[in-house]
Amino acid sequence: GSRLGCPMEGHKSIGIWLILSFQLTEGISDLIAALHKRETHVYLVSGGFRSIIVPVADILSIPRERIYANELIYDSHDQYMGFDENEPTSDSGSKIVGKAGVCGMLKKKYGYKNLVMIGDGATDLEAAPPADTFIGFGGNAIRTAVKDGADWFVTSFDDLHKSLQ
């Protein structure tokens, strides 16, 4: 429960928590809209939970089949039991699991020649390679390892949006 910052009493309480505390980082909606306009496939790859990522995808018009995140498991009484350890994002630390594993799978499955990972954490940085480029994002928090390891480092999604114009 501590990772989410909300009680794990059941998925209904998570939905309430999301409504109360959810806010997108400034500029992300415009960036994603510009990528959609260019017909760029956008994926949400997260070590977080699908139930939290789905509302973000819906707001950003990212198809749910382009979400890679952990699935929470509940019992028949709607009580939290754990998460699906078969999800590729349920682990990290190598190129075959986690965000790196998802990036490699997407390149293989769809033949992407230039897959770009944008992120603010160490597991995002781990994804390149197989991602061809890693753009570090420091708009919420600047992490030295991410900044130092990034091919390009930005502190605003507006910087990325402007580069598309």
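Predicted model: local features only at pLDDT ≥ 70, side-chain atom pairs only at ≥ 80, totals over all residues.
Local features were considered at pLDDT of at least 70 and side-chain atom pairs only at pLDDT 80 or more, whereas totals for chains, interfaces and linings use all residues. Residues are numbered from 1 along each chain as its sequence is written, and side-chain values use heavy atoms, with hydrogens and water left out.

Helices (H or I, at least four residues) and strands (E, at least two) are DSSP runs numbered from the N terminus. Strand S1 (residues 44-49) has six of its six residues buried, so S1 is largely enclosed by the rest of the structure; here buried denotes under 20% relative accessible area, exposed over 50%, and partly exposed the range in between (1.4 Å probe, protein chains only). S1 runs parallel to strand S2 (residues 67-70), to which three bridges join it, two strands being taken as paired if DSSP finds at least two bridges between them. Phe49 has Asn70 in S2 as its bridge partner. Together with helix H3 (residues 50-59), S1 and S2 make a right-handed β-α-β unit, that is, with the strands pointing away from the viewer, the path from the first strand over the helix to the second runs clockwise.

A parallel pairing over four bridges is also found between strand S5 (residues 116-119) and strand S6 (residues 133-137), in which Gly119 is partnered by Gly136 of S6. In a regular strand the side chains alternate between the two faces of the sheet. In S5, Met117 and Gly119 form the covered face, while Val116 and Ile118 form the uncovered one.

Four salt bridges were counted, each requiring a side-chain nitrogen of Lys or Arg within 4 Å of a carboxyl oxygen of Asp or Glu. One of them joins Asp124 to Lys99, with the closest N and O atoms 2.7 Å apart; because Asp124 lies in helix H5 and Lys99 in helix H4 (residues 98-110), the pair ties together parts that are 25 residues apart in sequence. Both Asp124 and Lys99 are buried, Asp124 having a relative accessible area of 6%. The side chain of Asp124 also reaches the backbone nitrogen of Asp120 at 3.1 Å, and a polar atom of that side chain lies 2.9 Å from the backbone nitrogen of Gly121.

Another salt bridge connects Asp58 and Arg64, with the closest N and O atoms 2.5 Å apart. Asp58 is partly exposed at 39% relative accessibility, as is Arg64 at 48%.

Key:
Polar contact = N/O pair within 3.5 Å; in protein donor to acceptor, adjacent residues only side chain to side chain.
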